[in-house]
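Subject: Structure for you to look at

Dear colleague,

Here is the structure I said I would pass on. Please open it beside this message; my notes follow below.

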Amino acid sequence: MKFEETELSGFGKYPKAKCKIAQPSGLFDISEILKKNSVIPRGLGRSYGDASLNVKGIVAETALMNRFISFDENKGIVKCEAGVTYKDLLDTFVIRGWFPAVTPGTKYVTMGGAIASDVHGKNHHKVGSISSFVSSFRLLTATGDIIECSRENNSGLFWATVGGMGLTGFILDCEIQLKKITSPYIFNKAIKLGNLDALFEKIEEYSDNYHYSVAWIDVVAKGSSYGRGILLLGNNAEINELPEKLKKRSQLKYIEKKIAVPFEIPFNTLNKLTVSLFNAGIYLTARNTEDFQHYDKYFYPLDFVLDWNHIYSKSGLIQYQLNVPLEKGKEAIDKVLKKVVSYGGGSFLAVIKKMGNQEGILSFPFEGYTLSMDFPVKKGTIEMCQQLDKIVMEYGGRTYLTKDSILDEKTFKHMYSGLWEKWMKIKMKYDPNNKFTSDLGRRIGLCLS
Amino acid sequence: MSLLILGANSLIAQAAASHFAEAGHEIIFAGRKQDEPEKYANDFAIRYKCRTRAEYIDALDYPSHKKFVEDILAKTPELEYILIVFGYLGTQDKAQTDFTEAHRIIDTNFTGVVSVCELFAAEFESLKKGNIAVISSVAGDRGRQSNYMYGSAKGGLTVYLSGLRNRLFKSGVNVLTIKPGFVNTPMTYGMPLPKPLVASPEKVGKDIYKAMIKRKSVIYTPFYWRWIMFVITSIPEFLFKKLKL
């Protein structure tokens with residue numbers, strides 16, 4: 001087995017660590033690696049922090065395990081290896097009338113990674129996260145056994161692995177239910193809202209009636225426009241509601257266009273001024289609209305710019321995503337936003353969304369409101385996030401491990417109390433010697449060595 | 001029409017095949033490991049909705065080649081394109097002290113290819129049609145101390161293909177020699193290569209597809225390797241032998 005040693009990071013480019021990487025081409029290779037090393041599987045490295053780093057072991061990338069195994073054209077059930085990406089699914093199945101039932105905000109995520117993070121999308125309040133559509137997967141565990149996990153068989157391991165951050169074993173392949181569509185377009189409705197109260201009111205009013213719902217929020221606006229934003233609602237468009245032009249386009253193969261940020265911008269382009277201008281610009285140029293948008297623009301606007309994280313210079317970014325219970329949710333988010341402002345921090349892009357419940361033991365979502373913000377890593381950023389953690393805990397909330405790079409063990413165990421203990425029992429049963437480890441796992445006490 | 005790939009697990013071959021598949025061709029994956037060709041055949045059938053098939057071939061099992069070729073031809077009357085990609089990089093140091101390694105390098109990269117190629121060539125020659133594309137290497141353009149075992153096998157292959165092209169020209173059969181530079185594949189994984197010169201298998205695969213369709217004779221991929229190798233082959237031997245390449 002060949003290894004490559006290099007400085008590695010997640011998508012946030014913070015933290016960075018020297019890791020030994022391998023690209024197994026299947027079961028045989030992974031078993032070889034596991035004999036002598038501890039392992040964390042890694043897909044495309046789209047988790048933001050150190051979830052896919054492993055300085056004390058091997059990072060095993062699934063790049064070569066990206067094959068479709070079977071597809072049921074009538075039921076929309078696809079079986080594939082763990083390294084198959086959302087892009088693969090979209091490129092292959094949209095034209096045949098099938099769409100990922102749950103998709104994160106980038107298509108550069110593997111199915112293995114999606115399951116390990118139990119990713120959610122704009123429709124979480126309606127259908128839950130990806131695990132709701134995973135009927136089964138095969139997991140290679142520390143003992144070398146291949147265990148078929150589903151709601152019926154080995155359900156404990158199933159629920160520990162969805163959202164389990166890759167620490168229960170190596171997902172080899174999985175079976176996923178796609179959603180039937182008649183067009184690649186989304187009916188999009190945007191509603192401009194002048195302040196936080198209005199924003200929350202409309203989220204409540206509209207979320208039930210729309211399959212997709214998320215609100216962009218201007219974190220920098222002050223005074224009477226504090227908390228202003230745009231509520232973005234959507235439904236999959238039926239082919240017969242589309243204008244003629246789009247009807248025709250729906251039948252054609254979609255060719256995406258892309259630009260790239262070719263290198264890390266050497267200085268931080270994101271400061272109070274640019275962030276304020278950017279956010280004000282979005283708000284002021286937005287209108288209340290209703291239109292049809294192609295799925296690529298609707299779900300993956302940032303994928304249009306390859307390597308957009310390069311705008312955050314070398315020091316990287318922290319994506320902070322919290323979830324707080326519905327009750328007093330607005331109050332909690334209000335406090336968080338004020339804290340961010342008091343630190344002089346603005347978020348380039350911030351979104352609020354209503355979430356539903358989720359069964360995965362360590363899955364991030366539960367019924368409540370989620371707020372996600374990203375901050376450039378600089379002096380004070382980490383301290384600010386730790387202050388935010390306190391507010392989140394006070395309101396019985398938690399933050400998202402897939403985006404995390406700052407939680408300590410105590411804070412994590414407080415946020416996920418009652419859950420981590422349950423998860424740990426399963427981890428100990430299937431991986432008593434900690435063969436599956438990551439820097440995240442060590443940091444928050446999910447793996448002991 | 002059909003494309004036969006010899007060396008099914010090559011990312012370069014798969015990338016080239018994806019373009020053939022999108023153009024509606026049947027893809028036949030042949031490889032050494034029993035389950036791998038099947039895996040790729042399955043994947044392509046789902047991804048591109050094309051006809052696919054899996055076959056088994058061991059480049060070093062010469063006696064089996066005749067039957068393999070006969071079977072393929074019997075099953076595939078529409079066979080038009082053959083892409084031969086199997087190869088073995090080996091370890092230069094090991095090959096210098098252990099002849100088994102040297103032997104394997106030469107056999108996989110040269111003898112094995114010649115064995116299969118001749119059989120298909122004879123058939124295509126009589127049918128007066130067909131395209132044979134083979135991956136050689138820029139390493140075959142000039143021997144260097146760091147990998148002359150692999151380089152010489154590929155160099156021999158390049159010369160062989162040049163002769164074969166000459167022979168088959170009058171029968172309307174095209175022979176394409178492909179000379180890739182550094183490509184990001186499992187073969188080069190973990191090697192300290194100059195990053196800007198490392199191409200993706202997708203880029204190289206697309207170049208190969210285009211060259212096969214256009215019935216080219218020799219391509220370097222990416223194209224700039226033609227110039228790099230021009231410089232390297234232009235250095236006079238009295239200087240070249242002193243270099244640490």
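Predicted model: local features only at pLDDT ≥ 70, side-chain atom pairs only at ≥ 80, totals over all residues.

**Helix 6 of chain A**

Five residues of this helix are listed as buried: Leu196(A), Leu199(A), Phe200(A), Ile203(A) and Ser207(A). Viewed down the helix axis, the buried residues fall within an arc of 95°, so they line one face of helix 6. The buried residues of helix 6 pack against several elements of chain A, among them strand 11 (185-193), strand 12 (212-217), strand 13 (229-236) and helix 10 (329-342). Helix 4 (124-127) and strand 18 (350-355) of chain A are also packing partners of these residues.

**Nonpolar cores**

The largest nonpolar core has 125 residues, and those that touch the most other members are Ile115(A), Cys174(A), Ala215(A) and Leu231(A). Strand 10 (residues 170-180) of chain A gives the most to this core, at six residues. Beyond its neighbours within four places in sequence, Leu231(A) is in contact with residues including Leu199(A), Lys202(A), Ile203(A) and Tyr206(A). Ile191(A), Leu193(A) and Ala215(A) are also contacts of Leu231(A). There is a second, separate core of 69 residues, which includes Leu3(B), Leu79(B), Val116(B) and Ile208(B).

Chain B has nine helices and seven strands. Its radius of gyration is 18 Å, close to the 18 Å from the globule rule for 245 residues, so chain B is as compact as a globular protein of that length. The C-alpha trace of chain B spans about 55 × 35 × 35 Å along its principal axes. Of the 245 residues in chain B, 44% count as buried. When contacts in chain B between residues at least 6 apart in sequence are taken, 65% join residues at least 24 apart.

Eight residues from chain B and 11 residues from chain A make up the contact between the chains. The chain B side consists of three nonpolar, two polar and three charged residues.

**Backbone points to check**

Two cis peptide bonds are worth a look. One runs from Tyr14(A) to Pro15(A), with omega near -5°; Pro15(A) sits in the loop between strand 1 (4-9) and strand 2 (16-22) of chain A. Another runs from Thr221(B) to Pro222(B), with omega near -10°, and Pro222(B) is in the loop between strand 7 (218-221) and helix 8 (225-234) of chain B.

There are also non-glycine residues with positive phi. Lys328(A) has a phi of about 65° and lies in the loop between strand 17 (317-325) and helix 10 of chain A. Lys328(A) is partly exposed, with 17 other C-beta atoms within 10 Å. Arg215(B) has a phi of about 55° and is placed in the loop between helix 7 (201-213) and strand 7 of chain B. For Arg215(B), 13 other C-beta atoms lie within 10 Å, so this residue too counts as partly exposed.

Regards

Methods. Residues numbered from 1 in each chain as written. Chains lettered and ligands numbered in written order. Contact = placed C-beta atoms within 7 Å. Nonpolar A, V, L, I, M, F, W, Y, C, P; charged D, E, K, R; others polar. Helix = DSSP H or I, 4+ residues; strand = E, 2+ residues; numbered from the N terminus. Rg over C-alpha atoms; globule rule 2.2 N^0.38 Å. Buried ≥ 20, exposed ≤ 12 C-beta atoms within 10 Å, placed from the backbone. Arc of directions from axis to C-beta. Core = buried A, V, L, I, M, F, W, Y, C linked by C-beta atoms within 7 Å.
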